[in-house]
Amino acid sequence: MTASHAIPTPTPAAPGSLPFLGHAHRLARDPLPFITSLRRHGDVVRIRIGPTPAYVVTDPALTRRVLVTDAARFAKGGKIIDALSVFFGDGLATVADGDTHLRNRRLMQPMFNKAHIATRGSAMIDQVRTMVGSWREGEHRDVCADMNDITLAAFLVALFGTDLPAHLRAEFTSLMPAIMKGTIRRTILPSWINRLPLPANRAHAERVAQLRALIDQAIDHRGRQEPDRASGTVDAPDRPAGCPHVAGAQDEAGLFTTLLTAEAGLSRRQLQDEAITLLTGAIETTGTTLAWTLYELTRHPEIERRLRAELAAVCGDRPLRQEDLDRLPYARQVLREAVRKYGPAWMVTRTAICDIDLGGHRIPRGADVVWSPYLHQHDPEYFPEPSTFDPDRWGPDRVQATRGSFYAFGDGRRKCIGESFAWIELQIILATVLQRWPNFRLASRPPRPQAVVTVKPDVMTMTYRSIVSSPES
C-alpha cells in the first residue's frame, strides 16, 4: 500500500543527531549498541548519515516485507552496496535487480546444489587438514588470519579445482587480505574521499586489477582443462565426454566449471565479478564466524566437550569424511549460534523505488532503507538472553521459535546463494581443528566485537596443543 492510501504514522527519529554529522558519530564509535538501541524507539526509526536520512527497520516482520513480500519496491542499493560495487562490479551481491540478476543467479544456482558441493568435500577436507596440521605446537596464532587463510584456500580448491597452480593459490592468499581492508575502508569513508587520487585509493585500485588478472589466469587454466576432458583423449581417456562431475574428473574440476561450460555463458568481465563476489563472501563471513566459534568454545568447555564427543562417536580415530557432515547436528547448532550472535553482517541497505507505506510509516522514493541481521538476531522476543551463547536454542524442540528473526543469509530473491556451501565449509573446518588439536586456549585478552562490513573481533590470539591440559595447569 502506498502512502497516498493511508494516513502515515510519524516515523520516530533516533536521538543524538548532530549538525552536519547526523548519527555518523554513533555509527563510527559504537555501531552495535546504537543499532540495537533503535528497537526501543519503534518498528521503523529514522536516522541521519550526514545530511541524508535513512530508515532503519527494527521489526523482523517488516524486514521480511522489504526482502520478500514487497521486494520489488526495495531495490538493491544504498551506501554500502554502492561502495562494494566498485570492487564487486556486477556480481550477484551488488548487481541491480532485473533480468541480469535473474539470469546470472539461474546460471550459478547449479554450482551450489548440495549434491554438486559434495563433489568438492573430500578435496576441501584434504586442504584444510594440511593447513591445520602445519601449525606449530604452542605458538601464538592470529585466529582471524588463520581462519581467513583456511577458508580462502578451501574455497579456491572448491571453486577452481585441485589442479590450480601453486603460484596462483599463493598470489590469491597474499592479495586478498589487503584487498579486504581496502574494500572495508571504502564502505566507511565518504564517497568523495574514495574518489580522490590518494595513495590508498590508487593502491586499492591496483590490487583489484591484480586480482582480476589472477582470476583471468585461473579461468584460462580451467578452460584449458575442459577441452581435454571433453575430447576424452588427453589426461583422462576413460572419462565420459563433457562430464566434469564423474569420478576422477571431479578430483580436479571446481565449481566454476559449471559457469565455464554453461550454454548461455557469462562474459569475461562477468566471470571476474562473480569470482570476486564468491571469494570475498567465502573469506569475510566464514572466517569471522569460525574465529568467534573457537573463542566461544574457550569460554564454554561443556559445549566443546559435547562437540568432541559427537565427533568421536561419528569418526572414531579416523579423519573426517564428507559423508560424516550430516551426522554432526550439534556442530551445526554451535555454528548457527555463532552466526546468530555475531552477525556476520550488521547493516544492509536497500533503496525505496517509490513512495511506500511500511508498517504505517511513509518511506519516500529514493530513501535508504536499513535492515540489520545483528539487530534482529539479538531480539529478545525471538532469542531470550540474546547475549548468551546457547547452541541448544537451535535444537529440534526450540528452533521453530527462532525462524522469524534469523536473517544472516538474507531472504527472498536476493538470499545468499552460497548458504549451503557456507555450512559445509564451516563444519569441515571446525571439525578438522577439533580433530587435530585436542586443546586450544585464548592467549590474548578477550576480543571486542567491531562492526565493519561484518562483526569482527578486534584481537584474538590462541595457542594449540596436542595434549589436553589438566585443570591445574
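User: Which residues form a nonpolar patch on the surface?
Analyst: This is a predicted model. In it, W192, L196 and L198 form such a patch, and their accessible area together is about 270 Å².

User: Where is W192 found, then?
Analyst: W192 belongs to helix α10, which covers residues 191-194.

User: OK, zooming out. How many helices and strands does the chain have?
Analyst: There are 18 helices and 12 strands in the chain.

User: And what percentage of the residues is buried?
Analyst: Of the 473 residues in the chain, 53% are buried. The accessible surface of the chain amounts to about 20300 Å², and carbon and sulfur atoms account for 55% of that surface.

User: What about the inside: how many residues has the largest nonpolar core?
Analyst: That core has 90 residues. Those with the most contacts inside it are M111, M147, F172, F256, L294, L320 and Y464. Helix α14 (residues 268-299) supplies the largest share of this core, with 13 residues. Another core, of 17 residues, lies apart from it and includes L27, L32, I47 and W346. As general background, nonpolar side chains in soluble globular proteins tend to be buried together.

User: Back to Y464. Which residues does it touch?
Analyst: Leaving out residues up to four places away in sequence, Y464 touches W135, R136, E137, G138, E139, R141, V143, L294, V433, W437, N439 and F440.

User: Now the sheets. What is the strand order in the open sheet of 3 strands?
Analyst: The order is β4-β12-β9, and the pairing is antiparallel. The edge strands, β4 (141-142) and β9 (439-442), each pair on one side only.

User: How many bridges join β9 to β12?
Analyst: Strand β12 (residues 461-465) is joined to β9 by 4 bridges, and the two run antiparallel. Within this pairing, R441 stands opposite T463 of β12.

User: One more topic: is E304 buried or exposed?
Analyst: E304 counts as buried because its relative accessibility is 13%, and buried means under 20%. E304 is found in helix α15 (residues 301-315).

User: Which residues is E304 in contact with?
Analyst: Apart from neighbours within four places in sequence, E304 is in contact with L297, P438 and F440.

User: Lastly, what share of the chain's contacts join residues at least 24 apart?
Analyst: Counting contacts between residues at least 6 apart in sequence, 73% join residues at least 24 apart.

Note on methods:
Residues are numbered from 1 along each chain as its sequence is written. This is a predicted model: local features need pLDDT of at least 70, side-chain atom pairs count only at pLDDT 80 or more; totals for chains, interfaces and linings use all residues. Side-chain values use heavy atoms; hydrogens and water are left out. Patches are made of residues with over 30% relative accessible area and no salt bridge: like charges are joined within 9 Å, nonpolar side chains (Val, Leu, Ile, Met, Phe, Trp, Tyr) within 5 Å. Accessible areas come from the Shrake-Rupley method with a 1.4 Å probe; for residues, only the protein chains shown count as cover. A salt bridge is a side-chain nitrogen of Lys or Arg within 4 Å of a carboxyl oxygen of Asp or Glu. Buried means under 20% relative accessible area, exposed over 50%, partly exposed in between (1.4 Å probe, protein chains only). Contact means heavy atoms within 4.5 Å. A nonpolar core is a set of buried Ala, Val, Leu, Ile, Met, Phe, Trp, Tyr and Cys residues joined through side-chain atoms within 4.5 Å. Two strands pair if DSSP finds at least two bridges between them.
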